Amino acid sequence: MAVLPIRPTPFFANKNQAFWNLQLGGWGGAAMLRAMSALANGQPPDRLVIILIATITGFSLSLILAVVYGQLIKQRPLVTWGATALVLVFATGVYAFIDSWVLQVAGAATDGNFVKLFVGMYFIDLTLLGAWSALYYAINFFLQVEEQADRLERLEAQATSAQLAMLRYQLNPHFLFNTLNSISTLVLLKQSETANAMLTRLSSFLRHTLVTQPGGKVTVAQEVETLQLYLGIEQMRFEERLRTTFRVEPQAAGARLPAMLLQPLVENAIKYGVSPQEEGAEISIVAQVVGPRLRVTVSDTGPGMTMNNIEDGLPAVRPTHARRDSTGVGLTNIRDRLAQAYGEEHRFEIRSPESGGFSVLIELPYETEEQDEALSAPQAAPAQQGARTQKPSAPPAVLPSSLPPKAHQTT
């Protein structure tokens with residue numbers, strides 16, 4: 001049975017409870033320290049009653065100060081610190097007056113002069129209330145900084161999610177335009193059955209892609225299922241010119257990666273590897289686990305790629321002579337998505353040797369659906385829990401293409 005990790009509750013998660021815990025602990029500790037000091041100095045036991053009265057007085061005054069400081073902390077700095085100093089001076093005077101009066105009534109004062117006793121107690125009580133005031137402001141300013149940091153983190157997460165959604169949404173119009181253009185060609189050629197079949201597969205593909213959230217993650221098995229739906233559409237255009245191979249390790253099948261990450265790579269391979277060659281090309285998708293990382297490679301046996309027009313920042317291994325120029329929009333899009341999702345914890349390389357062919361290698365931290373659920377379960381809202389993607393069963397080590405039957409070639 002899976003056991004969720006224990007997450008300690010932050011001390012200031014409940015600010016009201018934290019305040020009372022600090023109040024009771026702080027004043028209780030001060031009373032205990034003064035009581036131990038009195039007993040160590042051989043003072044009579046009735047001195048403990050005086051200490052108790054002084055502690056209750058300080059505790060009560062600090063509650064009033066908390067209310068006043070709670071209003072002052074929201075003001076401008078000059079008003080806050082000026083008013084705090086005045087309030088602290090007045091509260092300390094009240095505290096010292098009560099302490100001096102109790103000492104005189106109890107006969108514990110060595111000097112009968114009330115003014116001298118008041119001045120002596122004033123500096124002692126000023127130290128105590130001053131330390132309490134400093135601690136109050138320090139904790140509240142710390143909580144304000146933490147709250148601002150949390151708000152900034154949420155805003156950054158929302159911005160990242162929005163950018164990931166934008167990057168993914170850039171893919172759909174491009175793919176949709178190409179597919180509708182092919183369907184239009186089939187209609188002009190009066191191949192209505194083929195056009196209808198392509199529309200049906202396009203509908204299935206779009207419905208499948210809408211299930212996942214724009215910035216969400218899916219398993220490798222789910223991503224492969226999406227690719228097979230997409231390749232089913234392209235297979236109707238290229239027939240035997242388009243050959244595909246899937247090699248997915250069982251352990252890699254359950255690993256998670258950003259949704260629709262591989263489709264632009266396969267589309268790029270079809271456009272620049274299969275389409276320009278009469279004999280077509282073979283596209284291979286390999287997913288494997290290497291140590292603590294997931295490695296996915298998408299390669300084709302096309303003519304390769306010239307690196308002259310590749311945008312700066314896209315890592316290339318070796319240039320080649322044959323491949324046509326590419327705008328690099330799809331590669332740049334994937335690079336940006338990986339940078340947003342993983343920061344420096346990813347690897348993205350394009351390789352095109354002189355002998356031809358083109359491949360893209362991606363390495364990500366190995367994450368499984370169980371790990372994500374275990375980490376997010378204590379914090380996830382019920383609405384978010386209902387939006388989780390259903391986990392499929394793991395595919396075999398080598399996945400068949402499972403593409404539709406061949407149809408008449410159209411261009």
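Modeller: Helix α1 passes helix α2 in a right-handed crossing. The model is a predicted one.

Colleague: Why are α1 and α2 called roughly antiparallel to each other?

Modeller: The axes of α1, residues 15-40, and α2, residues 47-72, cross at roughly 155°. Angles over 145 degrees count as roughly antiparallel, and α1 and α2 therefore are roughly antiparallel to each other. Their axes come within 10 Å.

Colleague: Which residues make the contact?

Modeller: On α1 they include Phe-19, Trp-20, Trp-27 and Leu-39, and on α2 they include Leu-48, Ile-51, Phe-59 and Ala-66.

Colleague: How do the residues of the contact of α1 with α2 divide into nonpolar, polar and charged?

Modeller: The division is 14 nonpolar, four polar and two charged.

Colleague: What makes Arg-201 count as partly exposed?

Modeller: Its relative accessibility is 25%. Buried means under 20% and exposed means over 50%, so at 25% Arg-201 counts as partly exposed. Arg-201 lies in helix α6, residues 192-211. Its C-alpha atom is separated by 7.0 Å from that of Leu-229, a residue 28 places apart from Arg-201 along the chain.

Colleague: Where does His-346 lie, and what does its side chain reach?

Modeller: His-346 is in the loop between α10 (329-342) and β6 (347-351). Its side chain reaches the backbone oxygen of Gly-343 at 2.7 Å. A polar contact requires a pair of N or O atoms within 3.5 Å.

Colleague: Which residues is His-346 in contact with, leaving aside its neighbours within four places in sequence?

Modeller: These are Arg-293, Leu-338, Ala-339, Glu-363 and Leu-364.

Methods: Residues numbered from 1 in each chain as written. Predicted model: local features only at pLDDT ≥ 70, side-chain atom pairs only at ≥ 80, totals over all residues. Heavy atoms only, no water. Axes fitted to C-alpha atoms, helices over the stretch in contact; angles between N-to-C directions. Helix = DSSP H or I, 4+ residues; strand = E, 2+ residues; numbered from the N terminus. Parallel < 35°, antiparallel > 145°, perpendicular 65-115°, else oblique. Left-handed = near helix turned anticlockwise from the far one by under 90°. Contact = heavy atoms within 4.5 Å. Nonpolar A, V, L, I, M, F, W, Y, C, P; charged D, E, K, R; others polar. Buried < 20%, exposed > 50% of the residue type's maximum accessible area, 1.4 Å probe, protein only. Polar contact = N/O pair within 3.5 Å; in protein donor to acceptor, adjacent residues only side chain to side chain.
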